[in-house]
Amino acid sequence: EPFVADEYIERLAWRTPGGGSRGGEAFDPKRLLEEFVNHIQELQVMDERIQRKVEKLEQQCQKEAKEFAKKVQELQKSNQVAFQHFQELDEHISYVATKVCHLGDQLEGVNTPRQRAVEAQKLMKYFNEFLDGELKSDVFTNSEKIKEAADIIQKLHLIAQELPFDRFSEVKSKIASKYHDLECQLIQEFTSAQRRGEISRMREVAAVLLHFKGYSHCVDVYIKQCQEGAFLRNDVFEDAAILCQRVNKQVGEIFSNPETVLAKLIQNIFEVKLQSYVKDQLEEHRKSDAEQYLKNLYDLYTRTTNLSSKLMEFNLGTDKQTFLSKLIKSIFISYLENYIEVEIGYLKSRSAMILQRYYDSKNHQKRSIGTGGIQDLKERIRQRTNLPLGPSIDTHGETFLSQEVVVNLLQETKQAFERCHRLSDPSDLPKNAFRIFSMLVEFLCTEHIDYALETGLAGIPSSDSKNANLYFLDVVHQANTIFHLFDKQFNDHLMPLISSSPKLSECLQKKKDIIEQMEVKLDMGIDTLNCMIGQMKHILAAEQKKTDFKPEDENNVLIQYTN
């Protein structure tokens, strides 16, 4: 606890007899004074004793500080000496290391020719065995040393090729025979290891075979065995993608040139599996069913290009885009060369069938209509302006326009545009798209809409006819709706295919001509209104009576109109 002088004195007085009123004792100031004086003397003695002890400790501390400082100085000096020694030792080590390196170079210069000489001596020894016709060395007789034997026979095979044939023909044939035997053994060993799934053993054997001529055969064996059991499902494209993904993970652990092996596998899949599959699918319908043939061709080509996109993820060498494009081209070239002819032929027959089926359902026999350009149409209008329209044709209210027919024609054309986009060569795409568009114009605009307009015009009664009808206005309405659908397909499906080619202006001009030709014919239909006006004149002049407006019964005011 902290020292408090007042409390200390209080305790001292309390302990002293007569120092207070404790226990009834009387207060004795003398005795208390005496106790205080004695206590002060004791404190002084204690103070002196402690002071001496403090001085002694201070002296001892100063002495030890001087000794410590002296010791530190000595350590610093010894440290400097040691540092100098280390520097000298480092220089000495560097000198020795330089000498050792130089000595190592000299030893290597001596050892390399010596090793070559030893190697040459061994090869001469093995060559002598072939020369004698008896292979005694353990390396040739022990099947476990096939790797060492392969290395030796490969070198001997190279040496034998340099020897003159007339003197060494026999030994050359023996070496070649052994070379071939070992090669076959290694390939067999690789095949067995692949069946067992021993990747490390496959890697060892492939590394040995790398220097042999049969290395490519080893790769062929690997590719063949990879495909065993890989194509069991119906989807050959999905199977091919899974197989390539699996081999891609494995091939780098086995071969030193994995990208070449994987490329060779993909080439084999395309040229064997896919080509035969595509041929089976297409040749079946090529001559008998154009629709199914075109659908299959589009589907197979799309799936092949999708597979190619997946394979682009793998390392197949430098220009994998060109490599895969060539493979696809090799499969489909015979089908794509005449694709557009098949497409146009199918579209023509299909469109004609759709129209014919419609007219047959209406029990209508199509008649020939006047054909010609805009000028011819205008001339026909001019000739009919101030003349009776001649005998009209009774169409029984039929417009001969069908949205169902139009939708079918547009759907067929849409599919044709999609196939054209996928299957046409980029340079031929605008030209092919224009041919399909021309088919649409011919069958939708000319054979269907234009025919309906011509038939409608022929069905308009003369202006003095008593039976006017609104039939042609129905034709106008339906023709307008159909042409909007035609225009939508033009913008949605044709424009993207021709937008950057000279065919764009040709297509736009063709569409413009068609519109103008139709508008001229629709304008001719105004004669319908002339006929209606004529009929109204006849009714008001001949049939309407003044009494019709005066009901017989004046109370009956419910009559709203006359007969």
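Close-up 1. R201 and E204 sit three residues apart in helix α6 (residues 199–209), about one turn of the helix. The two form a salt bridge, with their closest N and O atoms 3.0 Å apart. Here a salt bridge is a side-chain nitrogen of Lys or Arg within 4 Å of a carboxyl oxygen of Asp or Glu, and that rule gives a count of 20 salt bridges. Helices are DSSP runs (H or I, at least four residues), numbered from the N terminus. This is a predicted model, where local features need pLDDT of at least 70 and side-chain atom pairs count only at pLDDT 80 or more, while totals for chains, interfaces and linings use all residues. Residues are numbered from 1 along each chain as its sequence is written, and side-chain values use heavy atoms, leaving out hydrogens and water.

**Close-up 2. Helix α14 against helix α15.** The axes of α14 (residues 403–423) and α15 come within 10 Å and cross at roughly 175 degrees. Axes are lines fitted to C-alpha atoms over the stretch in contact, with angles running from 0 to 180 degrees between N-to-C directions. The pair is therefore roughly antiparallel, the label for angles over 145 degrees. Among the residues in contact (heavy atoms within 4.5 Å) are L409, L410 and F417 of α14 and I436, F437 and L440 of α15. By class, this contact has 14 nonpolar, four polar and no charged residues. Nonpolar covers Ala, Val, Leu, Ile, Met, Phe, Trp, Tyr, Cys and Pro; charged covers Asp, Glu, Lys and Arg; the others, Gly among them, are polar.

**Close-up 3. Helix α15 alongside helix α17.** α15 (residues 429–458) packs with α17 (residues 503–524) at an angle of about 0 degrees, their axes 11 Å apart. That makes the two roughly parallel, meaning an angle under 35 degrees. The residues that meet include F434, F437 and V441 in α15 and C507, I514 and M518 in α17. The contact divides into 13 nonpolar, two polar and seven charged residues.

**Close-up 4. Helix α10 crossing helix α12.** The axes of α10 (residues 290–311) and α12 (residues 339–361) come within 10 Å and cross at roughly 135 degrees. Contact is made by A290, E291, Y293, L294 and L297 of α10 with Y339, V342, E343 and Y346 of α12. These residues divide into seven nonpolar, no polar and two charged.

How values were computed:
Parallel < 35°, antiparallel > 145°, perpendicular 65-115°, else oblique.
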